[in-house]
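Thanks for coming, everyone. Please bring up the sequence and the model, and we will walk through the sheet and the core.

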Amino acid sequence: MEQVVFDRLREADRDGIRRMAAIHAGLPAQWGEACPVAEEDIEAFADQLEAGIRGGRVFCETAECGGSVVSFLWAEALEDALDVANIISLWTAPEHRRRGVATDLKKRMEGWARLRGIKRILTGVDPRNTAVVKMNEKLGYRTALLKMEKLLS
Ligand SMILES: CC(C)(COP(=O)(O)OP(=O)(O)OC[C@H]1O[C@@H](n2cnc3c(N)ncnc32)[C@H](O)[C@@H]1OP(=O)(O)O)[C@@H](O)C(=O)NCCC(=O)NCCS
């Protein structure tokens, strides 16, 4: 397997930011949520990511293999509670899965969080997404809040 190289996304790299925003916008479709991705959603996520990087609250790293991005993780320290970070997005390209790349990114994010004095990491997971549930459990996450919903027709 080719070597994986990790890289921090920079504010000036609008193309890279937009690419990550596009992947993020399409993620729900990967575990069964059929929702078309709108261009304005991608731009809004790109703006959010760029502003977070500019403000120094964001960890966004890519993992590259052979010059292509094969995985990325986007996390942010909360604006109103800087000792808490929230994982916004995590993705690994299908052909690179189960090789520990997302685990490495999460561990790298934990290193960033510790350096900033962050005490707690939050992450929301669709319960159908067993891959992430298993990964989180393996990394020491526990269920802290079970969100429930009722759709009104
Ligand atoms: C979830 C995801 C990021 C995992 O990426 P990855 O690079 O394959 O993860 P890792 O190789 O580090 O896996 C770590 C552990 O997670 C668990 N895991 C990962 N994928 C799994 C799967 N398909 N089924 C069951 N467990 C899985 C396993 O415990 C795995 O360890 P193991 O391979 O030693 O058994 C990837 O599957 C993905 O991009 N999925 C679609 C997007 C997504 O759901 N993002 C998260 C939104 S919250």
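Start with Cys65: its bridge partner in β3 is Ser68. Strands here are DSSP runs of E with at least two residues, helices are runs of H or I with at least four, and both are numbered from the N terminus. This is a predicted model: local features need pLDDT of at least 70, side-chain atom pairs count only at pLDDT 80 or more, and totals for chains, interfaces and linings use all residues. Residues are numbered from 1 along each chain as its sequence is written.

Now widen the view. β2 and β3 run antiparallel, joined by 8 bridges. Two strands pair if DSSP finds at least two bridges between them. The open sheet has 5 strands, in the order β1-β2-β3-β4-β5, with mixed pairing. β1 (4-8) and β5 (120-123) are the edge strands, each pairing on one side only.

Next, the core. What is a nonpolar core? It is a set of buried Ala, Val, Leu, Ile, Met, Phe, Trp, Tyr and Cys residues joined through C-beta atoms within 7 Å. Buried means 20 or more other C-beta atoms within 10 Å of a residue's own, exposed means 12 or fewer, partly exposed is in between, and C-beta atoms are placed from the backbone. The largest core here has 29 residues. Among those with the most contacts inside it are Met20 and Trp74. Which strand gives the largest share of this core? β3 does, with 6 residues.

Last, Trp74. Beyond its neighbours within four places in sequence, its contacts include Met20, Leu49 and Cys60. Contact means C-beta atoms, placed from the backbone, within 7 Å.

Conventions. Two residues are in contact if their C-beta atoms, placed from the backbone, lie within 7 Å.
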